[in-house]
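Here's a quick tour for anyone meeting this structure for the first time. Have the sequence and the 3D view open, and take the topics one at a time.

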Amino acid sequence: MATLSDIGVAAGINLLSAFVFLLAFAILRLQPFNDRVYFPKWYLKGLRSSPSRSGTFVKKFVNLDFRSYLRFLNWMPEALKMPELELIDHAGLDSAVYLRIYLIGLKIFVPITFLAWAVLVPVNYTNKTLELQLKNVTSSDIDKLSISNVPDGSDRFWTHIVMAYAFTFWTCYVLLKEYEKVANMRLQFLVSEKRRPDQFTVLVRNVPPDSDESVSETVEHFFLVNHPDTYLTHQVVCNANKLAKLVKKRKSKQNWLDYYQLKYSRNNAKRPIMKTGFLGLWGEKVDAIDHHITEIEKLSDEIAEERERVLKDPKSIMPAAFVSFKSRWGAAVCAQTQQSRNPTLWLTDWASEPRDVYWQNLSIPYVSIAVRRLIMAVAFFFLTFFFMIPIASVQALATIEGLEKAAPFLKSLIEIPFIKSVIQGFLPGIVLKLFLIFLPTILMIMSKFEGFTSISSLERRSATRYYLFNLVNVFLGSVIAGSALDQLNTFIKQSANEIPKTIGVAVPMRATFFITYIMVDGWAGIAAEILMLKPLIIYHLKNTFLVKTEKDREEAMNPGSLSFNVGEPRIQLYFLLGMVYATVTPVLLPFIVVFFGLAYVVFRHQIINVYNQEYESAAAFWPDVHGRIIIALLVSHVALIGLLSTKHLAQAAPLLITLAVVTIWFYRFCKARYEPAFVRYPLQEAVMKDTLERARDSNFNLKPYLQNAYIHPVFKEEDDDEEEEVVKLENESVLVPTKRQSRRNTPVPSKMSGASSQSLPEAVPEHS
């Protein structure tokens, strides 16, 4: 087991690693040739230009102002200076609210840490239970600061119960205030933000087939009948996935052509040669420039042919459409109501903003989505539970005993005090981190298969599954499998009725593993985030081999984004560890506080200077954040109930069960009170926004603004005259023709009174 000195050595190594990363970042960011890597957001906004330095050739690449190196940590206070309102205007509400998750961590755990160290640590340490009563169980110095060191049946356990109540009430108070704050921020943001297409647009799916009319005609007729005063225009969804792949392939070929042309321009003596086989490793040798020109021409012909097919083939039109309205109120009514007596037809929901639409999944038939999600639920179940086997096995090897058993010849090396401290305090966290590298990619692929139609919903689904995976494998797997395997020999030699007692003592002992994991992932990992080593290398490779123009240089920048599907579950793991171990092993809490503090500063800097968020959901993810912190509270209650049951304190169970019930009631109260603000758009707010906008800009023509907003991106790259074939231009005639023989032409309501002619009621029943 790791001792305090082992943890100290590991903490020193991780602090040193974090400091090296931060120092490297502080130096690299000052160099002129790295400016676009560490400040890309300002370039994308057009508020920063490449630093021009006169003088020697060296000065153009290296900052020779040594005074600037003395202020290498000034980026930290600079990151904290921007007010929150300015941050929202600069980076969006999603980014500002994401940072509040770290602030919540500090608000919750800083007071809890002081209280736990002032009350619980002395209560735990002033016992000698582990030394006197359980000599047959492996323990460490850290365990003597935990609840395991309190003797069975001791009245001191009431201190832990009181602290559990205090920690829970304080956490709920902070969560309540933050939920209220974020809900108000969201409503204020929706009221104050500029006009956007998604405010007026609804995604309609499962449009019923009609033998007499096309999908576009069916959609137009339905909404003119059922939303006569508010319907404005629509854009049907087409399956352009193959076309998008061809365009992407052509762009890749063009990049290679640019590379070879640039290479040839620098050395005209020899034409570049390439092999046509796999990855250019084998195959026929050809002229690289001529080969790529031929390939691009061939792809252009294929693209033109596929584009023509998409435009003219009815089978490429999906039973879905983006329907836009004359007002936000009209869009809100449509998005939040049932359109047909058959609840499976004419399904409506708010359209994501155009940047947020995941176009590939719009071509998935709606009827197959339920089956897809069932398949992925089963796949995720097996992924979660079968992943525990290699994690437990490898973690067993990442211990002193495991390594000595697997590699006896290393025993003399392992027993060196410094090496032993590194293995015990560093290796288990590294192993777990390596196992989780590819997990976010796997979960995102699963979410895409399920058919979600926006990037934000894909990230939220992936984040949910990542959190569940962490809960089962990283937390429960490490606690149960780790501690149980450590104590296996003890279990075999003792009587059956002693096993629950040993488990109750052994569970808190796993705190040493989580301390090392926090230092590896939370300290060094966050410091490595700001260094941006991968984007730095990629940018300079592109800048050297591909960049010919200023536009190419902008495309070479890779600012990245927050990656909610990866970052938020990681934060929630620290909330879970903090809640569970606050009353069990308080020594873990300072490590969590350091993580939240460092992460807040780092990500605030990244959001201000680097990340370019792909979409804006107006903090729609907050209910998920709130719910997972509540889950962490409930897990801490269950863990404490199970632990105290092994300590001969059965009378404490009703009190802790009551605490769990109160926590669940609090969650239900917050869900009913604040969650509607994140799910529905109040009609009152919509009317207010529409009225203010009409008063300020009464002559604005909304139709041209919305008409082309939801064209598939692959068509926007084509010529304007071709684009007009995709966009359906509604005419302004009084009558909307229909091919159905069973009804007359549907008239547009009067623009003056809003009343429709007498022929309208005859058409309504057929749509109801």
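This is a predicted model: local features need pLDDT of at least 70, side-chain atom pairs count only at pLDDT 80 or more; totals for chains, interfaces and linings use all residues.

The protein chain contains 34 helices and eight strands, and buried residues make up 51% of its 768 residues. Take the chain's contacts with a separation of 6 or more: residues 24 or more positions apart account for 80% of them.

**The sheet**

- Four strands form an open sheet in the order S2-S5-S1-S6, and their pairing is antiparallel.
- Its edges are strand S2 (231-238) and strand S6 (347-350), each of which pairs on one side only.
- Going from one strand to the next, the twist averages 25°.
- Helix H10 (residues 215-226) packs on this sheet, where it touches S1, S2 and S5. The direction of H10 makes about 155° with that of S2.

**Who sits opposite whom**

- Strand S1 (residues 201-205) and strand S5 (residues 317-325) run antiparallel and are joined by five bridges.
- In that pairing, valine 202 stands opposite valine 323 in S5, while leucine 203 has phenylalanine 322 of S5 as its bridge partner.
- S2 and S5 also run antiparallel, with six bridges joining them.
- Here valine 236 stands opposite alanine 321 in S5, and threonine 233 has serine 324 of S5 as its bridge partner.

**How covered the strands are**

- Is S2 buried or exposed? Eight of the eight residues of S2 are buried, so the rest of the structure largely encloses this strand.
- S5 is mostly covered as well, with seven of its nine residues buried.

**The loop between S1 and H10**

- Asparagine 206 lies in the loop between S1 and H10. The phi of asparagine 206 is near 60°, which is a positive value in a residue other than glycine.
- With a relative accessible area of 14%, asparagine 206 is buried, because the cut-off for buried is under 20%.
- Proline 209 is also found in the loop between S1 and H10. Proline 209 counts as exposed, at 82% relative accessibility.
- Proline 209 and proline 319 are 110 residues apart along the chain, yet their C-alpha atoms are separated by 7.5 Å.

**Helices H25 and H27**

- Two packed helices are described by the angle between their axes and the distance between the axes.
- For helix H25 (residues 564-582) and helix H27 (residues 622-645), the axes come within 8 Å and cross at roughly 30°. That makes H25 roughly parallel to H27, since angles under 35 degrees count that way.
- The crossing of H25 and H27 is right-handed.
- On the H25 side, the contact is made by Glu568, Gln572, Phe575, Leu576, Met579 and Val580. They meet H27 residues including Val625, Arg628, Ile629, Ala632 and Leu633.
- Sorted by class, the residues in the contact of H25 with H27 come out as ten nonpolar, two polar and two charged.

**Helices H9 and H27**

- H27 also packs with helix H9 (residues 157-192), at an angle of about 175° and with the axes 11 Å apart.
- How are H9 and H27 oriented to each other, roughly parallel or roughly antiparallel? They are roughly antiparallel, because the angle is over 145 degrees.
- H9 residues in this contact include Phe157, His160, Ile161, Ala164 and Tyr179. Among their H27 counterparts are Trp622, Pro623, His626, Ile629 and Leu633.
- The contact of H9 with H27 has 14 nonpolar, five polar and one charged residues.
- Ile629 and Leu633 of H27 turn up in the contact with H25 and in the contact with H9.

- Serine 563 lies in the loop between helix H24 (550-556) and H25. The phi of serine 563 is near 55°, a positive value in a residue other than glycine.
- Serine 563 is partly exposed, with a relative accessible area of 30%.

Notes: Residues are numbered from 1 along each chain as its sequence is written. Side-chain values use heavy atoms; hydrogens and water are left out. Axes are lines fitted to C-alpha atoms, for helices over the stretch in contact, and angles run from 0 to 180 degrees between N-to-C directions. Helices (H or I, at least four residues) and strands (E, at least two) are DSSP runs, numbered from the N terminus. Angles under 35 degrees count as roughly parallel, over 145 as roughly antiparallel, 65 to 115 as roughly perpendicular and the rest as oblique. A crossing is left-handed if the near helix is turned anticlockwise from the far one by less than a right angle, and right-handed if clockwise. Contact means heavy atoms within 4.5 Å. Ala, Val, Leu, Ile, Met, Phe, Trp, Tyr, Cys and Pro count as nonpolar, Asp, Glu, Lys and Arg as charged, and the others, Gly among them, as polar. Two strands pair if DSSP finds at least two bridges between them. Buried means under 20% relative accessible area, exposed over 50%, partly exposed in between (1.4 Å probe, protein chains only).
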